[in-house]
Amino acid sequence: MTVTPTDEQLVHATLAGDQASFALLVHRYRRAALARALAVVADDAEAEDVAQEAFIQAYTELATCRDPARFGPWLLTSVRRRALNRIRSIQRRRAVALDDTVPATAEPAGELDRRELRGRLHRALAQLSLIQREVVLLADLEHWSHAEIAAGLGISVLMSRRHLSDARRKLRTLLDTPSP
Amino acid sequence: MTDEPLDLTPLDPDRDDGAADRFVAGVMNRIAARPDPHPVSIGPLWGAASFATPIALAATVILTIAAMALSRRNGPAAPETVAESIGVPGEFRGSLAANATVSGGERR
(Lines give C-alpha, C1' and ligand atoms only; values in the text may rest on other atoms or scores of the structure.)
Protein backbone atom coordinates (compact mmCIF):
# COMPACT_ATOMS: atom_id res chain seq x y z
CA MET A 1 0.00 0.00 0.00
CA THR A 2 1.38 3.41 -0.97
CA VAL A 3 1.01 6.10 1.66
CA THR A 4 0.71 9.60 0.23
CA PRO A 5 2.86 11.98 2.28
CA THR A 6 1.06 14.95 3.78
CA ASP A 7 1.96 18.53 2.94
CA GLU A 8 3.44 18.86 6.41
CA GLN A 9 5.72 15.85 5.90
CA LEU A 10 6.83 17.13 2.50
CA VAL A 11 7.57 20.60 3.87
CA HIS A 12 9.66 19.16 6.72
CA ALA A 13 11.53 16.85 4.32
CA THR A 14 12.24 19.80 2.01
CA LEU A 15 13.57 21.86 4.90
CA ALA A 16 15.87 18.93 5.75
CA GLY A 17 17.36 19.19 2.25
CA ASP A 18 15.21 16.75 0.24
CA GLN A 19 14.40 18.59 -3.00
CA ALA A 20 12.40 15.62 -4.35
CA SER A 21 9.81 16.31 -1.64
CA PHE A 22 9.41 19.85 -2.93
CA ALA A 23 8.96 18.50 -6.47
CA LEU A 24 6.00 16.50 -5.10
CA LEU A 25 4.52 19.68 -3.63
CA VAL A 26 4.96 21.43 -6.98
CA HIS A 27 3.19 18.55 -8.70
CA ARG A 28 0.39 18.60 -6.13
CA TYR A 29 -0.35 22.35 -6.29
CA ARG A 30 0.67 23.12 -9.88
CA ARG A 31 -2.85 23.18 -11.31
CA ALA A 32 -4.32 25.22 -8.46
CA ALA A 33 -1.46 27.71 -8.70
CA LEU A 34 -1.94 28.00 -12.47
CA ALA A 35 -5.71 28.46 -12.07
CA ARG A 36 -5.23 31.20 -9.50
CA ALA A 37 -2.61 32.96 -11.61
CA LEU A 38 -4.77 32.61 -14.71
CA ALA A 39 -7.73 34.16 -12.89
CA VAL A 40 -5.65 37.30 -12.42
CA VAL A 41 -3.44 37.62 -15.50
CA ALA A 42 -5.78 35.96 -18.06
CA ASP A 43 -2.85 34.75 -20.15
CA ASP A 44 -1.52 31.16 -20.20
CA ALA A 45 2.18 32.01 -20.56
CA GLU A 46 2.10 34.78 -17.96
CA ALA A 47 0.14 32.53 -15.58
CA GLU A 48 2.73 29.77 -15.95
CA ASP A 49 5.60 32.16 -15.28
CA VAL A 50 3.85 33.64 -12.24
CA ALA A 51 3.09 30.18 -10.84
CA GLN A 52 6.68 29.02 -11.36
CA GLU A 53 8.04 32.12 -9.64
CA ALA A 54 5.64 31.62 -6.74
CA PHE A 55 6.90 28.05 -6.28
CA ILE A 56 10.52 29.22 -6.36
CA GLN A 57 9.77 31.91 -3.79
CA ALA A 58 7.90 29.34 -1.67
CA TYR A 59 10.96 27.07 -1.76
CA THR A 60 13.31 29.89 -0.81
CA GLU A 61 11.08 31.10 2.03
CA LEU A 62 9.73 27.72 3.13
CA ALA A 63 11.16 28.13 6.63
CA THR A 64 8.78 31.08 7.12
CA CYS A 65 5.70 28.91 6.45
CA ARG A 66 4.35 28.90 9.99
CA ASP A 67 1.86 26.07 9.47
CA PRO A 68 3.31 23.47 7.06
CA ALA A 69 -0.03 21.66 7.02
CA ARG A 70 -1.45 24.74 5.29
CA PHE A 71 1.23 24.93 2.60
CA GLY A 72 -1.46 25.11 -0.12
CA PRO A 73 -3.24 28.26 1.06
CA TRP A 74 0.15 29.83 1.89
CA LEU A 75 1.37 29.18 -1.64
CA LEU A 76 -1.87 30.36 -3.28
CA THR A 77 -1.68 33.65 -1.38
CA SER A 78 1.79 34.16 -2.83
CA VAL A 79 0.54 33.26 -6.32
CA ARG A 80 -2.22 35.87 -6.09
CA ARG A 81 0.16 38.58 -4.86
CA ARG A 82 2.65 37.82 -7.63
CA ALA A 83 -0.08 37.71 -10.26
CA LEU A 84 -1.42 41.11 -9.20
CA ASN A 85 2.11 42.54 -9.38
CA ARG A 86 2.50 40.98 -12.84
CA ILE A 87 -0.73 42.58 -14.04
CA ARG A 88 0.51 46.00 -12.95
CA SER A 89 3.80 45.37 -14.72
CA ILE A 90 1.98 44.24 -17.91
CA GLN A 91 -0.21 47.32 -17.83
CA ARG A 92 2.88 49.52 -17.55
CA ARG A 93 4.53 47.68 -20.46
CA ARG A 94 1.42 48.08 -22.61
CA ALA A 95 1.23 51.77 -21.82
CA VAL A 96 4.85 52.21 -22.92
CA ALA A 97 4.65 50.01 -26.06
CA LEU A 98 1.23 51.10 -27.28
CA ASP A 99 2.25 51.15 -30.93
CA ASP A 100 3.95 47.75 -30.96
CA THR A 101 2.30 45.19 -33.21
CA VAL A 102 2.55 41.47 -32.66
CA PRO A 103 3.50 39.68 -35.90
CA ALA A 104 0.99 37.04 -36.94
CA THR A 105 2.25 33.44 -36.87
CA ALA A 106 0.98 30.61 -39.04
CA GLU A 107 -0.99 28.09 -36.96
CA PRO A 108 -2.90 24.91 -37.81
CA ALA A 109 -6.69 25.42 -38.07
CA GLY A 110 -7.42 23.28 -34.98
CA GLU A 111 -5.02 25.24 -32.85
CA LEU A 112 -6.55 28.47 -34.16
CA ASP A 113 -10.02 27.27 -33.08
CA ARG A 114 -8.76 26.30 -29.65
CA ARG A 115 -6.98 29.62 -29.32
CA GLU A 116 -10.19 31.44 -30.34
CA LEU A 117 -12.17 29.42 -27.79
CA ARG A 118 -9.65 30.19 -25.08
CA GLY A 119 -9.78 33.85 -26.10
CA ARG A 120 -13.59 33.90 -25.75
CA LEU A 121 -13.37 32.26 -22.33
CA HIS A 122 -10.69 34.70 -21.20
CA ARG A 123 -12.76 37.67 -22.41
CA ALA A 124 -15.83 36.35 -20.61
CA LEU A 125 -13.85 35.65 -17.44
CA ALA A 126 -12.49 39.19 -17.58
CA GLN A 127 -16.05 40.46 -17.04
CA LEU A 128 -16.20 38.75 -13.62
CA SER A 129 -14.74 40.01 -10.38
CA LEU A 130 -11.37 38.57 -9.39
CA ILE A 131 -12.81 36.43 -6.61
CA GLN A 132 -15.51 35.09 -8.99
CA ARG A 133 -12.82 34.14 -11.52
CA GLU A 134 -10.75 32.41 -8.86
CA VAL A 135 -13.72 30.46 -7.51
CA VAL A 136 -15.08 29.38 -10.89
CA LEU A 137 -11.65 28.26 -12.13
CA LEU A 138 -10.92 26.26 -8.98
CA ALA A 139 -14.43 24.72 -9.04
CA ASP A 140 -15.01 24.02 -12.73
CA LEU A 141 -11.43 23.58 -13.96
CA GLU A 142 -9.74 22.06 -10.90
CA HIS A 143 -12.91 20.42 -9.49
CA TRP A 144 -12.21 21.61 -5.97
CA SER A 145 -14.97 21.31 -3.38
CA HIS A 146 -16.38 24.42 -1.69
CA ALA A 147 -14.53 23.43 1.50
CA GLU A 148 -11.24 23.28 -0.42
CA ILE A 149 -11.90 26.58 -2.18
CA ALA A 150 -12.84 28.24 1.10
CA ALA A 151 -9.61 27.00 2.74
CA GLY A 152 -7.48 27.82 -0.28
CA LEU A 153 -8.77 31.35 -0.80
CA GLY A 154 -9.45 32.24 2.82
CA ILE A 155 -13.21 32.76 2.39
CA SER A 156 -16.24 31.03 3.89
CA VAL A 157 -17.95 28.06 2.26
CA LEU A 158 -21.10 30.18 1.95
CA MET A 159 -19.24 32.89 0.03
CA SER A 160 -17.61 30.27 -2.16
CA ARG A 161 -21.07 28.95 -3.12
CA ARG A 162 -22.38 32.45 -3.78
CA HIS A 163 -19.38 33.50 -5.91
CA LEU A 164 -19.54 30.29 -7.92
CA SER A 165 -23.24 30.64 -8.59
CA ASP A 166 -22.86 34.29 -9.67
CA ALA A 167 -19.82 33.48 -11.81
CA ARG A 168 -21.53 30.64 -13.65
CA ARG A 169 -24.63 32.69 -14.33
CA LYS A 170 -22.63 35.63 -15.70
CA LEU A 171 -20.36 33.39 -17.79
CA ARG A 172 -23.30 31.55 -19.34
CA THR A 173 -24.88 34.84 -20.35
CA LEU A 174 -21.60 36.15 -21.78
CA LEU A 175 -20.76 32.95 -23.66
CA ASP A 176 -24.28 32.62 -25.09
CA THR A 177 -23.99 36.11 -26.55
CA PRO A 178 -22.46 35.91 -30.06
CA SER A 179 -19.00 37.46 -30.12
CA PRO A 180 -18.73 40.69 -32.13
CA MET B 1 -29.81 24.83 -14.92
CA THR B 2 -27.46 27.71 -14.06
CA ASP B 3 -25.57 25.88 -11.33
CA GLU B 4 -24.30 23.08 -13.56
CA PRO B 5 -20.49 23.16 -13.92
CA LEU B 6 -19.16 25.02 -16.94
CA ASP B 7 -16.92 23.35 -19.48
CA LEU B 8 -13.62 25.15 -19.04
CA THR B 9 -11.46 22.41 -20.60
CA PRO B 10 -10.05 24.80 -23.26
CA LEU B 11 -8.25 26.47 -20.34
CA ASP B 12 -6.90 23.17 -18.98
CA PRO B 13 -3.16 23.56 -18.31
CA ASP B 14 -2.64 19.87 -19.19
CA ARG B 15 -4.05 20.13 -22.72
CA ASP B 16 -0.48 19.54 -23.96
CA ASP B 17 1.13 16.18 -23.24
CA GLY B 18 3.94 16.46 -20.72
CA ALA B 19 2.89 19.93 -19.55
CA ALA B 20 2.92 18.81 -15.92
CA ASP B 21 6.42 17.32 -16.13
CA ARG B 22 7.71 20.36 -18.01
CA PHE B 23 6.30 22.66 -15.34
CA VAL B 24 7.78 20.70 -12.43
CA ALA B 25 11.14 20.37 -14.21
CA GLY B 26 11.10 24.11 -14.96
CA VAL B 27 10.61 24.97 -11.30
CA MET B 28 13.17 22.46 -10.04
CA ASN B 29 15.78 23.55 -12.61
CA ARG B 30 15.35 27.18 -11.60
CA ILE B 31 15.68 26.15 -7.95
CA ALA B 32 18.81 24.09 -8.71
CA ALA B 33 20.41 27.12 -10.38
CA ARG B 34 20.22 29.11 -7.13
CA PRO B 35 22.14 28.76 -3.87
CA ASP B 36 20.32 26.17 -1.74
CA PRO B 37 18.61 27.73 1.29
CA HIS B 38 17.97 24.26 2.76
CA PRO B 39 21.30 22.37 2.80
CA VAL B 40 21.17 18.68 3.75
CA SER B 41 20.97 18.45 7.53
CA ILE B 42 23.46 16.08 9.13
CA GLY B 43 22.52 16.23 12.78
CA PRO B 44 23.55 18.28 15.78
CA LEU B 45 26.95 16.52 16.22
CA TRP B 46 28.03 17.37 12.67
CA GLY B 47 31.62 18.64 12.79
CA ALA B 48 32.49 16.82 16.00
CA ALA B 49 34.40 14.21 13.99
CA SER B 50 36.62 16.85 12.46
CA PHE B 51 37.61 18.03 15.95
CA ALA B 52 37.92 14.52 17.42
CA THR B 53 41.01 13.43 15.49
CA PRO B 54 43.40 16.26 16.43
CA ILE B 55 42.11 16.28 20.02
CA ALA B 56 42.64 12.54 20.33
CA LEU B 57 46.13 12.82 18.84
CA ALA B 58 47.14 15.62 21.19
CA ALA B 59 45.76 13.75 24.19
CA THR B 60 47.68 10.59 23.20
CA VAL B 61 50.96 12.49 22.90
CA ILE B 62 50.45 14.26 26.25
CA LEU B 63 49.52 11.01 28.01
CA THR B 64 52.52 9.18 26.55
CA ILE B 65 54.93 11.90 27.66
CA ALA B 66 53.35 12.00 31.11
CA ALA B 67 53.53 8.22 31.45
CA MET B 68 57.21 8.22 30.48
CA ALA B 69 58.02 10.97 32.99
CA LEU B 70 56.18 9.15 35.77
CA SER B 71 57.81 5.83 35.04
CA ARG B 72 61.25 7.50 35.17
CA ARG B 73 60.47 9.13 38.48
CA ASN B 74 58.89 6.14 40.25
CA GLY B 75 60.62 3.25 38.54
CA PRO B 76 63.67 1.26 39.89
CA ALA B 77 66.99 3.09 39.99
CA ALA B 78 69.38 2.55 37.09
CA PRO B 79 71.90 -0.28 37.59
CA GLU B 80 75.20 0.91 39.05
CA THR B 81 77.39 -1.95 37.77
CA VAL B 82 77.50 -4.23 34.74
CA ALA B 83 76.74 -7.24 37.02
CA GLU B 84 73.61 -5.56 38.34
CA SER B 85 72.47 -4.63 34.84
CA ILE B 86 72.73 -8.22 33.61
CA GLY B 87 70.80 -9.50 36.61
CA VAL B 88 73.49 -11.09 38.82
CA PRO B 89 71.96 -11.61 42.31
CA GLY B 90 73.22 -9.27 45.02
CA GLU B 91 74.87 -12.02 47.16
CA PHE B 92 77.19 -12.98 44.28
CA ARG B 93 77.95 -9.43 43.28
CA GLY B 94 80.04 -8.85 46.45
CA SER B 95 82.24 -11.92 45.86
CA LEU B 96 82.62 -11.01 42.18
CA ALA B 97 83.88 -7.57 43.19
CA ALA B 98 86.32 -9.12 45.72
CA ASN B 99 87.66 -11.56 43.13
CA ALA B 100 88.14 -8.77 40.66
CA THR B 101 90.16 -6.82 43.21
CA VAL B 102 92.27 -9.91 44.13
CA SER B 103 92.99 -10.93 40.56
CA GLY B 104 93.67 -7.30 39.64
CA GLY B 105 96.21 -7.18 42.48
CA GLU B 106 97.88 -10.36 41.22
CA ARG B 107 98.18 -8.98 37.74
CA ARG B 108 99.94 -5.95 39.05
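1. A pocket, as used here, is an open set of grid points, where a 1.4 Å probe fits, with protein on both sides within 12 Å along at least five of seven lines. The model is predicted. Its largest pocket has a volume of about 400 Å³. Of the 20 residues that line this pocket, the closest to its centre are A:D44, A:E48, B:P13, B:R15 and B:D16.

2. Which helices build the lining of the largest pocket? Chain A brings α2 (19-41), α3 (44-60) and α5 (109-125). Chain B brings α1 (19-32). Each of these helices supplies at least two lining residues.

3. The largest pocket has 10 nonpolar and 10 charged residues in its lining.

4. Now chain B as a whole. Chain B holds four helices and zero strands. Along the sequence, its pattern reads α-α-α-α. Chain B has 108 residues, and 18% of them count as buried. The chain exposes about 8,600 Å², with 63% of that supplied by carbon and sulfur atoms.

5. Next, the aromatic rings. A pair of aromatic rings is described by the distance of the centres and the angle of the planes. The whole structure has five aromatic pairs over all chains. In one of them, the rings of A:F22 and A:Y59 have centres 5.0 Å apart and planes at 65°. An angle over 60 degrees counts as edge-to-face, so this pair is edge-to-face.

6. What does the pair A:F22 and A:Y59 tie together? A:F22 lies in helix α2 of chain A and A:Y59 in helix α3 of chain A, so the pair joins parts that are 37 residues apart in sequence. Both A:F22 and A:Y59 are buried.

7. The rings of A:F71 and A:W74 have their centres 5.9 Å apart and their planes at 50°, so this pair is tilted. Both residues lie in helix α4 (residues 71-96) of chain A. They are three residues apart, about one turn of the helix.

8. Is A:W74 buried or partly exposed? Its relative accessibility is 25%, so A:W74 counts as partly exposed. A:F71 has 0% relative accessibility, so A:F71 counts as buried. The cut-off for buried is under 20%.

9. Finally, the cluster. Ring pairs link A:F22, A:Y29, A:Y59, A:F71 and A:W74.

Methods
Residues numbered from 1 in each chain as written. Chains lettered and ligands numbered in written order. Predicted model: local features only at pLDDT ≥ 70, side-chain atom pairs only at ≥ 80, totals over all residues. Heavy atoms only, no water. 1 Å grid on protein atoms, 1.4 Å probe; cavity = no way out; pocket = protein on both sides within 12 Å on 5 of 7 lines; lining within 4 Å. Points joined across faces, edges and corners; volume = space filled by probe spheres on them. Nonpolar A, V, L, I, M, F, W, Y, C, P; charged D, E, K, R; others polar. Buried < 20%, exposed > 50% of the residue type's maximum accessible area, 1.4 Å probe, protein only. Areas by Shrake-Rupley, 256 points an atom, 1.4 Å probe, with all protein chains shown as cover. Phe/Tyr/Trp six-rings, centres within 6.5 Å; stacked < 30°, edge-to-face > 60°.
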